[in-house]
Amino acid sequence: MPKTEVISFGNSDKVYHLIAYFSLSISWLFSFYKKKSIKLLIIISCVIYGIIIEVLQSILTEYRTGDYKDILANTLGIVLGLLIFNLIIKKIKLN
């Protein structure tokens, strides 16, 4: 049988954070896409939510820790969500 190699992601937790916040931001952006003025509020709210969750993890629990890398992964997911959202909306408007 051929030997297969497993690709390992160090800190795969960060990938989960990115996917979760990508999903959160793009869901909210599509929910309110007709209200252009709320887009910035959605992005800022998602970032603040991610920061608050990390701070509360470190303050309120003994088995979880807050991590600035999680905040960066969250923010990257939000930015990717915004970029994908803008590309899709632009494509829809062109057609």
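Me: Let's start with a definition: buried means under 20% relative accessible area, exposed means over 50%, and partly exposed is what lies in between. This is a predicted model, so which of those classes does leucine 83 get?

Reply: Leucine 83 sits in helix α3. Its relative accessibility is 46%. That value lies between the 20% and 50% cut-offs, so leucine 83 counts as partly exposed.

Me: What separates the C-alpha atoms of leucine 83 and isoleucine 26?

Reply: Along the chain, leucine 83 and isoleucine 26 are 57 residues apart.

Me: Is the pair of tyrosine 21 and tyrosine 49 stacked, edge-to-face or tilted?

Reply: Their ring centres are 6.3 Å apart, with 45° between the planes. Stacked needs under 30 degrees and edge-to-face over 60. With 45° between the planes, the pair of tyrosine 21 and tyrosine 49 is tilted.

Me: And which helices does that tyrosine pair link?

Reply: Tyrosine 21 and tyrosine 49 are 28 residues apart, so to speak in distant parts of the chain. Tyrosine 21 belongs to residues 12-31 and tyrosine 49 to residues 39-60. Those are helix α1 and helix α2.

Me: What kind of pair do phenylalanine 30 and phenylalanine 85 make?

Reply: Phenylalanine 30 is in helix α1 and phenylalanine 85 in helix α3, so the pair ties together parts 55 residues apart in sequence. The ring centres are 4.9 Å apart and the planes are at 75°. Over 60 degrees is the cut-off that matters here, so the pair is edge-to-face.

Me: What is the volume of the largest cavity?

Reply: Searching the whole structure turns up one cavity of 30 Å³ or more. Among the residues lining the largest cavity are Leu29, Ile42 and Phe85. The lining has six nonpolar, no polar and three charged residues. As for the volume, the largest cavity has about 40 Å³.

Terms used
Residues are numbered from 1 along each chain as its sequence is written. This is a predicted model: local features need pLDDT of at least 70, side-chain atom pairs count only at pLDDT 80 or more; totals for chains, interfaces and linings use all residues. Side-chain values use heavy atoms; hydrogens and water are left out. Rings of Phe, Tyr and Trp (its six-membered ring) pair if their centres lie within 6.5 Å; planes under 30 degrees apart count as stacked, over 60 as edge-to-face and the rest as tilted. Helices (H or I, at least four residues) and strands (E, at least two) are DSSP runs, numbered from the N terminus. On a 1 Å grid over the protein atoms alone, a cavity is a set of points where a 1.4 Å probe fits but cannot get out, and a pocket is an open set with protein on both sides within 12 Å along at least five of seven lines; lining residues have an atom within 4 Å of a point. Grid points are joined across faces, edges and corners, and a volume is the space filled by probe spheres set on the points. Ala, Val, Leu, Ile, Met, Phe, Trp, Tyr, Cys and Pro count as nonpolar, Asp, Glu, Lys and Arg as charged, and the others, Gly among them, as polar. Buried means under 20% relative accessible area, exposed over 50%, partly exposed in between (1.4 Å probe, protein chains only).
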